[in-house]
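Here's a friendly walk through one protein model and the ligand that comes with it. Have a look at the sequence and the structure, then read on.

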Amino acid sequence: MRFLVTGAAGFIGSNLVRMLLRQYPESQVLSYDLLTYAGSLANLADVQDETRHEFVKGDIGDGALLSEILARFQPNVIFHLAAETHVDRSIQSSDPFVEANVVGHTRMLETVYLYFKKLYEKDQQRFKFIHVSTDEVFGSLRLSDAAFDESTAYNPLSPYAASKAAGDHMVRAWGNTYGLPTVNINCSNNYGPYQFPEKLIPFMIMRALGGESLPVYGDGKNVRDWLYVEDHCAALIAASEKGKIGETYCVGGESERSNLQVVEMVCNALDEVKPRVEGRTYKEQVEFVADRPGHDFRYAINCSKAKADLEWMPVTSFEEGLKHTLAWYLHNVQWLDDIRSDEYRQWISAHYKVKGSV
Ligand code: NAD
Ligand code: DAU
């Protein structure tokens, strides 16, 4: 197998690359990533000497470079994860989201299609383009609503969600119009090792350890469905093996928690494994701040179709996953320090300016 992974230096991508190399000992993996603020070669450091793996720095929208790479590497599966991913950043400025998740993404589909067209029929038959998308394309649920599934109508409500929804539609258009063999995955909130510390869980871990306030948006009652990153990667691999061409699969962790519950769980776990020097609880650092504009209230996923067709299910409980995640961040304090570049610090100050708090 020859796997090409875009967004491979990011959080989910780097976990996927490791899993592919582990699960397919005969495989070759090419990691393709632009190394934006969210991507780092540090995330792939443990596979940098692996002869079956190579890294290429490039933009998904760079048709010339990407076609050269495709022609040389000849992948039979492409996992497409590269994107701008942080909702708060999309609220500050939607341009990079449109550029990467719509324009670059569509150029990538064109480039991949030109590659696909030139393959021999037998290679076309085993080729798959797995697109990694989000449950945010479906909008927001109330507590009483049934979870999202593959039949839920699109209703993206943030600039990030709208850009990903456009991306999903383009993927389906390329499948329907040109016959590109695509599978779309709409997934819930991931957490785990190597997640950039702008997302809720690593952000709270980092700030708790730094003795800083833990900013909970609004009243902290918004709900997310948490999926351990390795369970997501397992679903992506299952989709590459068993996913039906043209289909969409909703993937989630069946672990709904309110944001306040999550933050308090992080605090409780830290109180146990890394107590504050003066012995007080990290929960004292929680601070309720202004809400995210247009904040989606609840996401939840019904993953019955993925369970049936992909023979996959989430196997890591939120408690267990959070424990692994915390242990990883505590053992990788240097990674956390290194990844907080000047660019990130600048973003943090802009972020709080927007929130008008902290
Ligand atoms: P991330 O922000 O950690 O990583 C994104 C990666 O994409 C980075 O390495 C970045 O350098 C790269 N990238 C950005 N623009 C690029 C471009 N134009 N060309 C090439 N590379 C580019 O994101 P993540 O959390 O790992 O998410 C990966 C994918 O999964 C995204 O498509 C995201 O929408 C989707 N997703 C994420 C979650 C989640 O909870 N993290 C949930 C559902 C879906
Ligand atoms: O649902 C899948 C999506 O999950 C992915 O598509 C996105 O790429 C990913 O970023 C994530 O989006 P969210 O907006 O749900 O994740 P985030 O970690 O930014 O926030 C999770 C919740 O926590 C959300 O309700 C906002 C809240 N929050 C977040 C931060 C960073 C806070 O209360 N305080 C914070 O400081």
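Let's start with D225, whose side chain reaches the backbone nitrogen of G253 at 3.3 Å. That makes a polar contact (a pair of N or O atoms within 3.5 Å; within protein, one must be able to donate a hydrogen and the other to accept it, and residues adjacent in sequence count only if both atoms are side-chain atoms). This is a predicted model, where local features need pLDDT of at least 70, side-chain atom pairs count only at pLDDT 80 or more, and totals for chains, interfaces and linings use all residues. Side-chain values use heavy atoms, with hydrogens and water left out, residues are numbered from 1 along each chain as its sequence is written, and chains are lettered from A and ligands numbered from 1 in the order in which they are written.

You'll find D225 in strand β9, residues 223-228 (strands are DSSP runs of E, at least two residues, and helices are runs of H or I, at least four, numbered from the N terminus). D225 counts as buried because its relative accessibility is 1%, where buried means under 20% relative accessible area (1.4 Å probe, protein chains only). Leaving aside neighbours within four places in sequence, D225 is in contact (heavy atoms within 4.5 Å) with residues including S188, N189, G252 and Y299. R257 is 32 residues away from D225 in sequence, yet 6.5 Å away in space, C-alpha to C-alpha.

N222 sits in the loop between β8 (214-217) and β9. N222 is buried too, with a relative accessible area of 5%. Its side chain makes a polar contact with the side chain of H295 at 3.3 Å. Beyond residues up to four places away in sequence, N222 touches R257, S258, N259, H295, D296 and F297.

| Residue | Ligand 1 atom | Distance |
|---|---|---|
| G10 | oxygen | 3.0 Å |
| L35 | oxygen | 3.5 Å |
| I60 | nitrogen | 3.0 Å |

Taken alone, ligand 1 exposes 830 Å², and the protein buries 96% of that (areas by the Shrake-Rupley method with a 1.4 Å probe; for residues, only the protein chains shown count as cover). Elements giving two or more residues to its shell are α1 (11-23), β5 (128-134), α6 (159-178) and β7 (189-191). Which one gives the most? That's β5, with 3 residues.

Technical notes
Buried < 20%, exposed > 50% of the residue type's maximum accessible area, 1.4 Å probe, protein only.
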